[in-house]
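Let's walk through a model together, one feature at a time. Have a look at it first, then we'll talk.

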Amino acid sequence: LIADVSGKGVPAALFMMTTKTLINNISMVGYEPQKLIETINDKICSSNKQGFFVTVFASILNVKTGKMTCINCGHNLPLIKRANGAFEYLKLDSNVALGVFPEYKFNIYETQLNPGDMIFTYTDGITEAMNSEGELFGETKLIDSLNTIDETDTRTISEKIKSNVKTFTGGITQSDDITML
């Protein structure tokens, strides 16, 4: 699971902490993924007086079969690299972000992962990183950067993407957090 809250500062951080607590507590009940996300969404909507929302990409991988069930709630599409292939955006429907509409019916997506496949998820702080000319790092530069990295170690991949973003921005202070998984 990777998530990103709208807004900035302490109110947004508190909203995200509440969301994290809801996710942790409700996931212990053992709901199927769709019911889990719908329950979390309804709880967030019921107390969302500030109008915040949370984008989420969540997945459950059965490590024995390789079946991955995932749900995208307004988050950046993840990238998948099949064994001996190149990274490409995972083609799945996006639902609305959590906290927007109560009783929203979310769609889930299933795919098959095989040994050597890799998933890369991130927050929009990467693609919206800006250089001094006002250009965004963007999705194309992200996928191109990933496809030039000839590594399988996740820490190394993350460090190289972080370095590419830093080089692109030329040290400009970023306005959003950068998270990769």
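**Salt bridges, a sheet and a helix contact**

A: Let's start with K67, which is partly exposed because its relative accessibility is 37% (buried is under 20% relative accessible area, exposed over 50%, partly exposed in between, with a 1.4 Å probe and protein chains only). Bear in mind that this is a predicted model, where local features need pLDDT of at least 70, side-chain atom pairs count only at pLDDT 80 or more, and totals for chains, interfaces and linings use all residues. Residues are numbered from 1 along each chain as its sequence is written, and side-chain values use heavy atoms, with hydrogens and water left out.

Q: Which residue forms a salt bridge with K67?

A: Side chains of opposite charge can pair when their charged atoms come close. Here the partner is E110, with the closest N and O atoms 3.4 Å apart (a salt bridge is a side-chain nitrogen of Lys or Arg within 4 Å of a carboxyl oxygen of Asp or Glu). E110 lies in strand 6 and K67 in strand 3 (residues 67-73), so the pair ties together parts 43 residues apart in sequence. Helices (H or I, at least four residues) and strands (E, at least two) are DSSP runs, numbered from the N terminus.

Q: How many salt bridges does the structure hold?

A: Three. One of them joins D176 and K8, the closest N and O atoms being 3.7 Å apart. D176 sits in the segment after helix 5 (154-169) and K8 in the loop between strand 1 and helix 1, so this pair ties together parts that are 168 residues apart in sequence. R82 and D117 form a salt bridge too, with closest N and O atoms 3.0 Å apart.

Q: Is D117 buried or exposed?

A: Buried, because its relative accessible area is 17%. R82 is partly exposed, at 30%.

Q: What order do the strands of the open sheet have?

A: Strands of a sheet pair through backbone hydrogen bonds, either parallel or antiparallel. In this sheet of four strands the order is 1-2-3-6, with antiparallel pairing (two strands pair if DSSP finds at least two bridges between them). Strand 1 (2-5) and strand 6 (109-112) are at the edges with a single partner strand each, so one side of each has no neighbour in the sheet. Strand 1 pairs with strand 2 (residues 54-61) over four bridges, and A3 has V56 as its bridge partner.

Q: Where is D42?

A: D42 belongs to helix 2 (residues 33-46). A polar atom of its side chain lies 2.7 Å from the backbone nitrogen of E103.

How values were computed. Polar contact = N/O pair within 3.5 Å; in protein donor to acceptor, adjacent residues only side chain to side chain.
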